[in-house]
Amino acid sequence: MNRLSVSPPLQTRQFTLLLLVIGLSTSGVAEIISLDSGNIDEVLNNAGVALVNFYADWCRFSQMLHPIFEEASNVVREEFPETKQVVFARVDCDQHSDIAQRYRITKYPTLKLFRNGMMMKREYRGQRSVVAIADFIRQQQVDPVKELHSLEEVNSLDRSKRNIIAYVEKKDSDGYHTYEKVANILRDDCSFSAAFGAVSEPERFSGDNVLYKPSGENAPDMIYLGSLSNFDLTYAWTQDKCVPLVREITFENGEELTEEGIPFLILFHVKDDAESLEKFQHEVARQLITEKGSINFLHADCDKFRHPLLHIQKTPADCPVIAIDSFRHMYVFPDYKDLSVPGKLRQFVLDLHSGKLHREFHHGPDPTDSTPGQEDIGGEAASNPPDSSFQKLAPSETRYTILRDRDEL
């Protein structure tokens, strides 16, 4: 008789618990749009903000995220009911590998943020919880543009940051809507402000305009001379000012930079060595400005990256050191003193793109190279004599990249 009075069977209790969990996580019908090659551009281009879950069904972590992502969508939809204001979407990367390749998806699940069809550089890296994802979307809805109520407020702007200021007559204008769109995309890179009507009038002597105030008290202002209603021109100009040509890489932002999908050209320098950094910045601007978009120009603290330097047979005492990280190998610029030699740094980068550095890494000097002054098959003097553009590393280091040892530090 005692056996008849026991608790419900374990299977029954587990099933009841499962129903409870499902009930708690499906308070409404989740509006998750499944993206494919036929609808992805239309959906993303018409969404103010879109959070896209790139997943694979066989991935356990993707499976765990599905109910959380759906519930976060329900929470956000209650706060932002306009369907095009915030979109939650997903891509099955096994079914749509072309889309996964297009957005450089290499791990699952990956949550990418889009604004008006443009993928943001930084993917979502917060907690995989309903609360955290909903909070992230709320933050994305905060207006990044601070309204100035007097021109005196311009003098109180934080000059340690890059500031963009719009002086426009009307808030409800095509020009300002373009400025808002640009500010939302670059909100993590610059501080944006705007003055309207009578407040902005003294600065609108030639019409609505945008001003860039670089970081630093003595840095001169720059004025945007293009059409404010032209998004492409306005965005290109603002991005050029907000995203420096040479950025600092740290162990905190390294993975984000890696996700941009292009190799690194890195100056390793002692933190207080401003002279080497300035020289590197100057030569990058002089020799490599046309390569922007095909390689990231970065600088790194020698002391912080002490261990990675060992993998290219260098120490902080050797700094400044210049190297390329292709994500497969690291290639060392032979001699920092040659940095100012016309075309030397540019050729180093071109040798990466041509595959020459990779070949020489494994096989030594390229056999197609001529000796200095010797004519090659094409009848021109070789631009790279043997060993002129590459310092070969030990075979044991052949698959090292700068971020691989960040957890060891």
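A residue is called buried when its relative accessible area is under 20%, exposed when over 50%, and partly exposed in between (1.4 Å probe, protein chains only). Tyrosine 331, at 2% relative accessibility, therefore counts as buried.

This is a predicted model, in which local features need pLDDT of at least 70 and side-chain atom pairs count only at pLDDT 80 or more, while totals for chains, interfaces and linings use all residues. Residues are numbered from 1 along each chain as its sequence is written, and side-chain values use heavy atoms, with hydrogens and water left out.

Now to the rings. Rings of Phe, Tyr and Trp (its six-membered ring) pair if their centres lie within 6.5 Å; planes under 30 degrees apart count as stacked, over 60 as edge-to-face and the rest as tilted.

| Pair | Centre to centre | Angle between planes | Class |
|---|---|---|---|
| Phenylalanine 69 and phenylalanine 88 | 5.1 Å | 55 degrees | tilted |
| Tyrosine 331 and phenylalanine 361 | 5.6 Å | 90 degrees | edge-to-face |

Helices (H or I, at least four residues) and strands (E, at least two) are DSSP runs, numbered from the N terminus. Because phenylalanine 69 lies in helix α3 (residues 60–79) and phenylalanine 88 in strand β3 (residues 86–92), their pair ties together parts that are 19 residues apart in sequence. Both phenylalanine 69 and phenylalanine 88 are buried.

Tyrosine 331 belongs to strand β15 (residues 330–332) and phenylalanine 361 to helix α13 (residues 356–363), so this pair ties together parts 30 residues apart in sequence. Phenylalanine 361 is buried too, with a relative accessible area of 2%.

Elsewhere, ring pairs join Tyr176, Tyr179, Phe192 and Phe196 into a cluster.
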